[in-house]
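Here is a short report on one protein model. Look at the helices and the charged side chains.

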Amino acid sequence: RSELLPAPQIADVAAYVLSLSGEPADKEAVQRGQSIFAEQCVACHGEDGGGNMELGAPDLKDKIWL
């Protein structure tokens, strides 16, 4: 990817990532963010957000990375 997502989409993905670690997040934002994550982030972070350290993609479910 050569460009960042627009700010509202970043906020939705952030809400989804928070939900992966059990943190409270707006349900509608989580749903929107989940689809964006599937399109933009899964290749490196995996479907469950578990990451791939070989690619430099941290485990997003681990609160250490949050």
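Is Asp48 buried, partly exposed or exposed? Asp48 counts as partly exposed, at 45% relative accessibility. Buried means under 20% relative accessible area, exposed means over 50%, and partly exposed lies in between (1.4 Å probe, protein chains only).

This is a predicted model: local features need pLDDT of at least 70, side-chain atom pairs count only at pLDDT 80 or more, and totals for chains, interfaces and linings use all residues. Residues are numbered from 1 along each chain as its sequence is written, and side-chain values use heavy atoms, with hydrogens and water left out.

**Salt bridges**

A search of the whole structure finds 2 salt bridges. The term stands for a side-chain nitrogen of Lys or Arg within 4 Å of a carboxyl oxygen of Asp or Glu. Side chains of opposite charge can pair when their charged atoms come close.

| Salt bridge | N to O distance |
|---|---|
| Arg32 and Asp12 | 2.8 Å |
| Asp48 and Lys61 | 3.2 Å |

Arg32 and Asp12 form a salt bridge. Arg32 lies in helix α2 and Asp12 in helix α1 (residues 7-20), so the pair ties together parts that are 20 residues apart in sequence. Helices here are DSSP runs (H or I, at least four residues), numbered from the N terminus. Arg32 is partly exposed, with a relative accessible area of 41%. Asp12, at 10%, counts as buried.

Asp48 pairs with Lys61 in a salt bridge. Both lie in the segment after α3 (42-45), so this pair links parts 13 residues apart in sequence. Lys61 is partly exposed, at 34% relative accessibility.

**Helix α2**

Helix α2 covers residues 27-40. It has 14 residues and reaches 20 Å from its first C-alpha to its last, close to the 20 Å expected at 1.5 Å a residue. That expected span is 1.5 Å times one less than the number of residues.

Asp26 caps the N-terminal end of α2, where a side-chain oxygen lies 3.2 Å from the backbone nitrogen of Glu28.

Which residues of α2 are buried? They are Ala29, Val30, Gly33, Ile36 and Phe37. Seen down the axis of α2, the buried residues fall within an arc of 130°, so they line one face of the helix. The arc is that of the directions from the helix axis to the C-beta atoms. These buried residues pack against α1 and α3. On the other side of α2, Lys27, Glu28, Gln31 and Glu39 are exposed.

Gln34 is also in α2. Gln34 counts as partly exposed, at 41% relative accessibility. Its C-alpha atom is separated by 19 Å from that of Glu3, 31 residues apart along the chain.

**Core and contacts**

The largest nonpolar core has 11 residues, including Leu5, Val13, Tyr16, Ile36, Phe37 and Leu60. Helices α1 and α2 each supply at least two residues of this core. Such a core is a set of buried Ala, Val, Leu, Ile, Met, Phe, Trp, Tyr and Cys residues joined through side-chain atoms within 4.5 Å. In soluble globular proteins, nonpolar side chains tend to be buried together.

Leaving aside neighbours within four places in sequence, Ile36 is in contact (heavy atoms within 4.5 Å) with Leu5, Gln9, Asp12, Val13 and Cys41.

His45 sits in helix α3. At 17% relative accessibility, His45 counts as buried. With neighbours within four places in sequence left aside, its contacts are Phe37, Gly50, Gly51, Ala57, Pro58 and Leu60.

Technical notes. Polar contact = N/O pair within 3.5 Å; in protein donor to acceptor, adjacent residues only side chain to side chain.
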